[in-house]
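Open the model in your viewer and keep the selection panel at hand.

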Amino acid sequence: MKLYNFSLAPNGLRVLAFLKEKKIKLNTHEVNVRDGEQFKEPFKSMNSFNCIPFLELDDGTIITESVSICRYLEEEYYPNPPLFGNSPKQRAQIDMWNRRLELDCLTPLGHALRNKISFFCRSGFGWY
Ligand SMILES: N[C@@H](CCC(=O)N[C@@H](CS)C(=O)NCC(=O)O)C(=O)O
C-alpha cells in the first residue's frame with residue numbers, strides 16, 4: 001500500500017494529520033503538484049482526477065479523496081483511536097462537519113484561489 005501525496009497541499013495535510021493522530025507510518029511518495037507532476041505518468045494513469053492525495057492498495061485499487069482514504073485506513077487497519085465516531089450519532093456529526101467544511105468553506109476557497117490569485121494560476125493550479 002502506498003500513499004501519493006504532496007505534504008504542502010491542504011488535502012495532503014488532512015491525511016498527514018490523520019496519520020499523525022493515529023501514529024501510522026505509511027509508504028509515501030511525494031507528487032509535486034506545484035511542478036504539475038500529477039499530470040505526468042505514471043500518476044495521470046493512476047488517478048485520472050489529476051490530484052493528490054490518492055492511495056494505491058496492494059491489489060492495484062486506487063482510492064482518491066482525503067476523507068475516503070482516512071476512512072478506509074481506519075476501518076480496514078487502524079481502528080484506534082476512532083476518529084470517525086463510535087456511534088450513529090457521532091458518525092453523523094463528524095460527517096456533518098466534514099461536509100460543511102468541504103462544501104461551504106474549502107471548495108469555494110479553492111475556486112477563488114485557483115482563479116483569482118496569480119501565483120496559483122502561474123503554477124498550473126488555474127482552471128482557465
Ligand atoms: N476533494 C479532494 C481534493 C483534492 C485536491 O484538490 N488536491 C489538490 C491539492 S490540495 C491537488 O492535487 N491539486 C492539483 C491540481 O488541481 O492540479 C480531496 O479531499 O482529496
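How many residue pairs are in polar contact between domain 1 and domain 2, both residues at pLDDT 80 or more? Two residue pairs meet that description. Keep in mind that this is a predicted model.

Now colour by domain. Select 1-83 for domain 1 and 85-128 for domain 2. The centres of the two domains, taken over C-alpha atoms, lie 16 Å apart. Eight residues of domain 1 and twelve residues of domain 2 make up the contact.

Next, show the surface between the domains. About 750 Å² is buried between domain 1 and domain 2. Carbon and sulfur atoms give 47% of that area. On the domain 1 side, select Arg14, Arg34 and Pro82. These residues lose the most area to domain 2. Together they account for 50% of what the domain 1 side buries.

Turn to charge. Two salt bridges are counted between domain 1 and domain 2. Select Arg14 and Glu102: they form a salt bridge, with the closest N and O atoms 2.9 Å apart. Now look at the side of domain 1 that touches domain 2. Its residues comprise five nonpolar and three charged, with no polar ones.

Last stop: select Asn98. Find this residue in helix H4, which spans residues 88-116. Is Asn98 buried or exposed? Asn98 is buried, because its relative accessible area is 16%, under the 20% cut-off. Show its neighbours, leaving out residues up to four places away in sequence: Asn98 touches Arg14, Val67 and Phe84.

How values were computed:
Residues numbered from 1 in each chain as written. Predicted model: local features only at pLDDT ≥ 70, side-chain atom pairs only at ≥ 80, totals over all residues. Heavy atoms only, no water. Domains from an automatic or database assignment. Contact = heavy atoms within 4.5 Å. Buried area = accessible area lost by both parts, 1.4 Å probe. Salt bridge = Lys/Arg side-chain N within 4 Å of Asp/Glu carboxyl O. Polar contact = N/O pair within 3.5 Å; in protein donor to acceptor, adjacent residues only side chain to side chain. Nonpolar A, V, L, I, M, F, W, Y, C, P; charged D, E, K, R; others polar. Helix = DSSP H or I, 4+ residues; strand = E, 2+ residues; numbered from the N terminus. Buried < 20%, exposed > 50% of the residue type's maximum accessible area, 1.4 Å probe, protein only.
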